Amino acid sequence: MRDDPNGRLLAVRIHGVAALSLALAVFALDVLSPLQGAVAVLYTIVVVMSSRSHDRRMMLATGAVVFAMAVSGYFLSHWGEPLGSPAVRLAVSLVAILITTLLSVRNLAAAREQRKSEDRYRTIFNAAGLPIWEGDWSTAYALLAEGGSATPEQIDHIARTATIRAANDAAARLFGLPDGRSLVGGTLTLHHTPSAEAALGRILAALVRGDQGIEEETQFLTASGATVDVVLRVTVPAGADGWSRVLIMAIDVTERNRAQARLTQSQAELTHVARVTTLGQLAASIAHEVNQPLSAIITYAKSGQRWLAREAPDAKEAADCFDHIASNGGRAAEVIARIRDLARNAEPRQDTLLLGPLIEETVALLSRDLQMNQVSITLGVAGDLPPVRGDRVQIQQVLMNLMLNAEQAMAGTPAEQRELSVEALAEGGIVRVEVRDRGTGIAADPESLFAPFFTTKSDGLGMGLSICRSIVERHGGSLVAANNPDRGATFRFVLPVAQAEREAA
């Protein structure tokens with residue numbers, strides 16, 4: 001039957017004629033038949049038949065007509081008789097007709113509300129700008145209903161049998177298809193990637209656990225073979241028993257991820273530039289660090305020549321000179337290696353680090369600069385400091401930046417009061433490092449120091465602390481600053497203890 005006004009009118013007429021015919025048949029049976037039963041109860045069938053028309057007025061009219069026919073039939077058959085069992089049968093029949101009519105009308109109202117709800121759902125489904133599709137995952141439910149994780153073979157089978165019941169045009173555009181009908185009846189296996197297979201496994205595990213509103217980020221292939229990054233939100237609507245209706249919404253995050261990758265690359269390049277700039281500031285100290293062992297090498301080489309040039313060469317003294325030459329050569333090589341590590345522009349690494357030796361090495365690198373500026377340094381590194389995970393060069397860049405800032409903050413402090421303190425200790429699952437100075441303190445809001453391009457120096461770019469915070473946060477930690485109660489400021493950063501150490505604790 002057509003679902004348009006003319007079609008609905010035709011349905012009303014057909015059901016009306018059928019109901020009227022049946023009502024006349026029941027009336028004839030009631031009046032002409034010698035049966036003494038409650039024949040009028042059969043009028044309820046007429047009411048039920050009229051309800052197939054889905055027309056409220058038709059149903060109420062049918063109820064009223066058969067009600068009148070039942071009463072008329074009684075008087076035609078039992079006129080003049082005293083009230084007895086026929087009257088009781090009539091009363092029962094009238095109550096049955098009345099109840100059937102009211103229930104039919106109420107069911108019709110409920111059906112109309114459900115239809116309106118379905119229409120609203122379909123309208124939102126099709127008009128939404130987000131890609132949405134509805135899948136039939138009954139096969140997955142049959143395999144996993146008893147619990148447990150899906151095997152790779154089961155995931156592959158489920159992917160091949162999870163058909164799409166409905167999809168909007170936005171979903172089709174996501175996969176590079178012309179419209180939503182292109183997806184209906186098929187599966188997404190042609191668009192799957194290894195990432196999508198893995199995400200499907202996690203989604204199935206979450207559904208088995210009974211999770212609601214599952215979110216997973218994954219990748220699909222479009223019809224042209226391009227990769228598209230999406231965040232999926234999977235829900236099972238109420239009443240969708242056996243995962244027969246699983247609703248999937250997708251957000252295309254391809255551009256976001258590409259922008260994030262470009263931002264990460266820019267941050268890495270900026271971090272490298274800042275590190276090289278810092279090394280440029282330390283050029284004098286670095287030259288001194290390298291020059292010292294080179295001078296010693298020259299001195300010991302000349303001494304060795306003199307010992308060998310004697311009439312009676314002293315091999316023991318010459319060998320001692322050679323030992324010193326080798327020792328100082330190694331020392332110079334170590335200094336150059338440390339500088340080369342700091343200057344390199346490599347991908348960040350996730351190594352297991354001991355902060356104690358790294359702090360001592362950084363202090364050694366800065367010692368000449370600190371001496372030149374008459375800054376005394378105090379180290380308080382706990383002996384049982386657990387390791388952290390991170391990039392050694394980047395963490396050393398943070399330490400170096402904070403120490404140099406502390407040194408510069410004490411430029412106006414009397415020389416005998418220029419004290420730099422570096423402490424490191426473990427607290428629960430973190431390692432805390434504090435760099436404390438005796439300078440002028442922070443005049444502005446401490447948080448403003450970490451804003452890009454904010455600087456209190458006439459020749460500063462204002463990127464050092466911003467880069468330091470981003471490095472620490474990328475390592476899962478935090479970096480803050482605060483004024484000391486007496487004088488100066490303290491910069492404090494924390495890093496999480498390496499996972500293996502936490503599990504062993």
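Contact here means heavy atoms within 4.5 Å. The model is a predicted one, in which local features need pLDDT of at least 70 and side-chain atom pairs count only at pLDDT 80 or more, while totals for chains, interfaces and linings use all residues. Residues are numbered from 1 along each chain as its sequence is written, and side-chain values use heavy atoms, with hydrogens and water left out.

With that contact rule, and not counting residues up to four places away in sequence, F491 touches L402, V433, E434, V435, I442, L449, F450, L465, V480 and A481. A nonpolar core is a set of buried Ala, Val, Leu, Ile, Met, Phe, Trp, Tyr and Cys residues joined through side-chain atoms within 4.5 Å, where buried means under 20% relative accessible area, exposed over 50% and partly exposed in between (1.4 Å probe, protein chains only). The largest such core has 51 residues, and L355, I359, L402, M403, L420, F491 and F493 touch the most other members. Its largest share, 9 residues, comes from helix α13 (residues 392-409); helices (H or I, at least four residues) and strands (E, at least two) are DSSP runs, numbered from the N terminus. A second, separate core of 31 residues includes W133, W137, A159 and A171.

Helix α14 (residues 464-474) is largely enclosed by the rest of the structure, because 8 of its 11 residues are buried. Among them are L465, I467 and C468, and C468 has a relative accessible area of 1%. Just after α14, G476 takes a positive phi of about 85 degrees.

The charged side chains form 18 salt bridges, a salt bridge being a side-chain nitrogen of Lys or Arg within 4 Å of a carboxyl oxygen of Asp or Glu. One of them joins E134 to R245, with the closest N and O atoms 3.4 Å apart. E134 lies in strand β1 (residues 132-136) and R245 in the loop between β4 (227-235) and β5 (246-252), so this pair ties together parts that are 111 residues apart in sequence. E134 counts as buried, at 1% relative accessibility.

In helix α6 (residues 152-161), R160 and D156 are 4 residues apart, and therefore separated by about one helical turn; their side chains meet in a salt bridge (3.1 Å, N to O). R160 is exposed, at 55%, whereas D156 is partly exposed, at 31%.

Finally, R436 forms a salt bridge with E434, the closest N and O atoms being 2.9 Å apart. E434 is buried, with a relative accessible area of 8%, and salt bridges that share partners join E423, E427, R432, E434, R436 and R492 into one network.
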